[in-house]
Amino acid sequence: YPSTEQVGVGATTGVDGDPSAAAKNNRMVLFASTGSIQTQKLQHTPHAQVRSIARDLETMFPEEFRKTSGSRFRSASNIAAISLVSWYAYRVGRGVPASLRYVYIRLGTRRSRRDLRRVLRRRSYDVFCVNQADDPRVGPDQIHRDLEPFFERYFPFKSPWEI
């Protein structure tokens, strides 16, 4: 699911956030393996994956996968493996782009509460992503106050595997 978000130009820099650095690192791996340039990021959505494609990439780029799997948290030297597998599959003819009704909500922003209310009211999205903004002014208490009522209303019944 290609995003409208672009991958920044050039190599990683000290000012790139870790997700942007991973997208740039993916672009280098894709260029080395397919000769194509990746310009877009992918949406924060579920992505179907073919294990053999991931294994092929891990065989071709063991150091990149080792560094990433060895990182407890994202770092600027990591790849974004799920995005990389999806883009590589597309480039070698083993994957296709698709679209879905999707919304991305950055918690802690001015519009996040409005976006949560819209998701509750419309219920018209195939998927939604709720992600924490990198804002030190928004603590876990505020996020909990925003999310708890949202999830209680969106998912009023426990699923069979919940305790």
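Predicted model: local features only at pLDDT ≥ 70, side-chain atom pairs only at ≥ 80, totals over all residues.
From the N terminus on, the elements of this protein run β-α-β-α-α-α-β-α-β-α. In total there are six helices and four strands.

Let me begin with the overall picture. The C-alpha trace spans about 45 × 35 × 30 Å along its principal axes. The protein has 163 residues, and 32% of them count as buried. Among contacts with a separation of 6 or more, 70% are made by residues 24 or more positions apart.

How much space lies in the largest pocket? The volume is about 1000 Å³. Which element gives the most to it? That is H1, with five residues. By class, the lining of the largest pocket comprises ten nonpolar, 15 polar and five charged residues.

The second largest pocket holds about 380 Å³ of space. Its lining has 20 residues, and Tyr 1, Ala 48, Ser 86, Gly 95 and Val 96 lie nearest the centre. Here the elements that give two or more residues are E2 and H4. H4 gives the most, with five residues. The lining of the second largest pocket divides into 14 nonpolar, five polar and one charged.

Now to helix packing. Two packed helices are described by the angle between their axes and the distance between the axes. In this model, helix H5 (residues 112-122) packs with helix H6 (residues 140-154) at an angle of about 5 degrees, and the axes are 10 Å apart. Because angles under 35 degrees count as roughly parallel, H5 is described as roughly parallel to H6. On the H5 side, the contact is made by Arg 113, Leu 116, Val 119 and Leu 120. H6 contributes Gln 142, Asp 146, Leu 147, Phe 150, Arg 153 and Tyr 154. Sorted by class, this contact has six nonpolar, one polar and three charged residues.

Finally, I would draw attention to two loop residues. The first topic is Ile 79, placed in the loop between helix H3 (62-69) and H4. Why does Ile 79 count as buried? Its relative accessible area is 6%, and buried means under 20%. Neighbours within four places in sequence aside, Ile 79 is in contact with Ala 22, Asn 25, Asn 26, Val 29, Glu 64, Phe 65, Thr 68 and Leu 84. From Ile 79 to Asp 126 there are 47 residues in sequence and 27 Å in space, C-alpha to C-alpha.

The other residue is Arg 123, in the loop between H5 and E4. Its phi is near 50 degrees, a positive value in a residue other than glycine. Is Arg 123 buried, exposed or partly exposed? Arg 123 counts as partly exposed, at 42% relative accessibility, since that class lies between the limits of 20% and 50%.

Note on methods. Residues numbered from 1 in each chain as written. Heavy atoms only, no water. Axes fitted to C-alpha atoms, helices over the stretch in contact; angles between N-to-C directions. Parallel < 35°, antiparallel > 145°, perpendicular 65-115°, else oblique. Contact = heavy atoms within 4.5 Å. Nonpolar A, V, L, I, M, F, W, Y, C, P; charged D, E, K, R; others polar. 1 Å grid on protein atoms, 1.4 Å probe; cavity = no way out; pocket = protein on both sides within 12 Å on 5 of 7 lines; lining within 4 Å. Points joined across faces, edges and corners; volume = space filled by probe spheres on them. Buried < 20%, exposed > 50% of the residue type's maximum accessible area, 1.4 Å probe, protein only.
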